[in-house]
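Hello,

Here is the structure you will be working with. Please open it first, then read my notes below.

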Amino acid sequence: MQKCISINYDEITDFNLLSQVDKNLINKAISASKLAYAPYSEFNVGAALILENNKIIIGNNQENSSFPCGVCAERVALFSARSIYPELLIKKIAITAVPKNFKLHNPVGPCGLCRQVLMEYEKKQQSDIEILFFDTKKIIKIAKAKDLLPFFFAEDKLKRIN
Ligand code: THU
């Protein structure tokens, strides 16, 4: 039997249509991207998430000469939020990529590792995390992390039943 998974998302080109919260998050993600430590890829990424108490936590990519040590902007923000405010719901995260040497033609979505981290927090908090990724022309808005990671790996797979 063949099955199909599809996702709904919003594509927004008029930034004026965004809520004040979304505009604010987007601006915070842009500022965060400017502070990235990305001397190797020269591909700056910024993320800004908002918690249930309206606190905003930012992150940007942190690279290292030992390349695998580097961490994406999204996970820097998520781990920071979860380490400081473990009890607070993460409501949404805005993400933007700003390469130094070329222009992107579309907004860049979070990598697979970041989707996995988003997914686990979303599942644990039992409340959706909205994801916005954007460039200067367009915003892609996805209602929940689960939509970005079908057949995700979850912690219950690690538990023995007997
Ligand atoms: N990067 C992010 O920060 N987020 C992503 O979702 C994808 C990639 C970073 C990692 C690395 O520092 C640079 O972008 C190039 O891959």
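Which residue takes a positive phi in the hairpin of strand 2 and strand 3? Asn54 does, near 70°, and the hairpin has four residues between the strands.

First, the ground rules. This is a predicted model, where local features need pLDDT of at least 70, side-chain atom pairs count only at pLDDT 80 or more, and totals for chains, interfaces and linings use all residues. Residues are numbered from 1 along each chain as its sequence is written, and side-chain values use heavy atoms, without hydrogens and water.

**Strand 2**

Helices (H or I, at least four residues) and strands (E, at least two) are DSSP runs, numbered from the N terminus. Strands pair if DSSP finds at least two bridges between them. Strand 2 runs antiparallel to strand 4, with nine bridges. Gly46 stands opposite Thr96 of strand 4. Strand 2 also runs antiparallel to strand 3 (residues 56-60), with five bridges. There, Ala47 faces Gly59 as its opposite. Eight of the nine residues of strand 2 are buried, so the strand is largely enclosed by the rest of the structure. Buried means under 20% relative accessible area, with a 1.4 Å probe and protein chains only.

**Cores**

A nonpolar core is a set of buried Ala, Val, Leu, Ile, Met, Phe, Trp, Tyr and Cys residues joined through side-chain atoms within 4.5 Å. The largest has 23 residues. Leu49, Leu78, Ile90, Ile93, Ile95, Leu118 and Ile131 touch the most other members. Elements that each supply at least two residues include strand 2 (43-51), helix 2 (73-84) and helix 3 (112-125). Another core, of 11 residues, lies apart from it, and Ile26 and Ala94 are among its members.

**Pockets**

A pocket is an open set of points on a 1 Å grid over the protein atoms alone, where a 1.4 Å probe fits, with protein on both sides within 12 Å along at least five of seven lines; lining residues have an atom within 4 Å of a point. A volume is the space filled by probe spheres set on the points, which are joined across faces, edges and corners.

The largest pocket holds about 360 Å³. It has 18 lining residues, and Thr96, Ala97, Val98, Asp135 and Thr136 are the closest to its centre. Helix 1 (20-34) and strand 4 give two or more residues each to this lining.

The second largest pocket holds about 160 Å³. Its lining includes Leu51, Arg82, Tyr85 and Gln125. Helix 3 gives the largest share, three residues.

Best wishes

Conventions
Buried means under 20% relative accessible area, exposed over 50%, partly exposed in between (1.4 Å probe, protein chains only).
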